[in-house]
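Biologist: Before we discuss any labels, please show me the model, and then let us set each term against its definition.

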Amino acid sequence: MHPDLSPHLHTEECNVLINLLKDCHKNHSVLKFFGYCNDLDREMRKCLKKEYVEKRIKSREHGNAMRKRLYNSPDESES
């Protein structure tokens, strides 16, 4: 299962892959059950995973910065 595929949630690169996969499923409604669109699906999932990892790293860095600000005394943070 993959996350929500709404365009505003993903990069342009992943949106292109998502649209290609949707088109493949629409144009090959029977063949999709036999793996015709699997290559596009793998590429899309790889792209979504890359986005997820980047967001996770960014969130961890932000959390560490906020934690540092919270636990440092006010005198240290002003300098």
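Modeller: The crossing of H1 and H2 is left-handed, a term used when the near helix is turned anticlockwise from the far one by less than a right angle, with clockwise giving right-handed. This is a predicted model, in which local features need pLDDT of at least 70, side-chain atom pairs count only at pLDDT 80 or more, and totals for chains, interfaces and linings use all residues. Residues are numbered from 1 along each chain as its sequence is written, and side-chain values use heavy atoms, with hydrogens and water left out.

Biologist: Why are H1 and H2 called roughly antiparallel?

Modeller: Helix H1 (residues 12-27) and helix H2 (residues 38-71) pack at an angle of about 155 degrees, their axes being 9 Å apart. Angles over 145 degrees count as roughly antiparallel, and the pair is therefore given that name.

Biologist: What makes the residues of H1 and H2 that meet a contact?

Modeller: Contact means heavy atoms within 4.5 Å, and among the residues that meet are Leu17 and Leu21 in H1, and Met44 and Leu48 in H2. The residues of this contact divide into 10 nonpolar, no polar and five charged.

Biologist: Why is His2 called partly exposed?

Modeller: His2, in the segment before H1, has a relative accessible area of 33%, and is therefore partly exposed. His2 also touches Met44 and Leu48, not counting residues up to four places away in sequence.

Technical notes: Axes fitted to C-alpha atoms, helices over the stretch in contact; angles between N-to-C directions. Helix = DSSP H or I, 4+ residues; strand = E, 2+ residues; numbered from the N terminus. Parallel < 35°, antiparallel > 145°, perpendicular 65-115°, else oblique. Nonpolar A, V, L, I, M, F, W, Y, C, P; charged D, E, K, R; others polar. Buried < 20%, exposed > 50% of the residue type's maximum accessible area, 1.4 Å probe, protein only.
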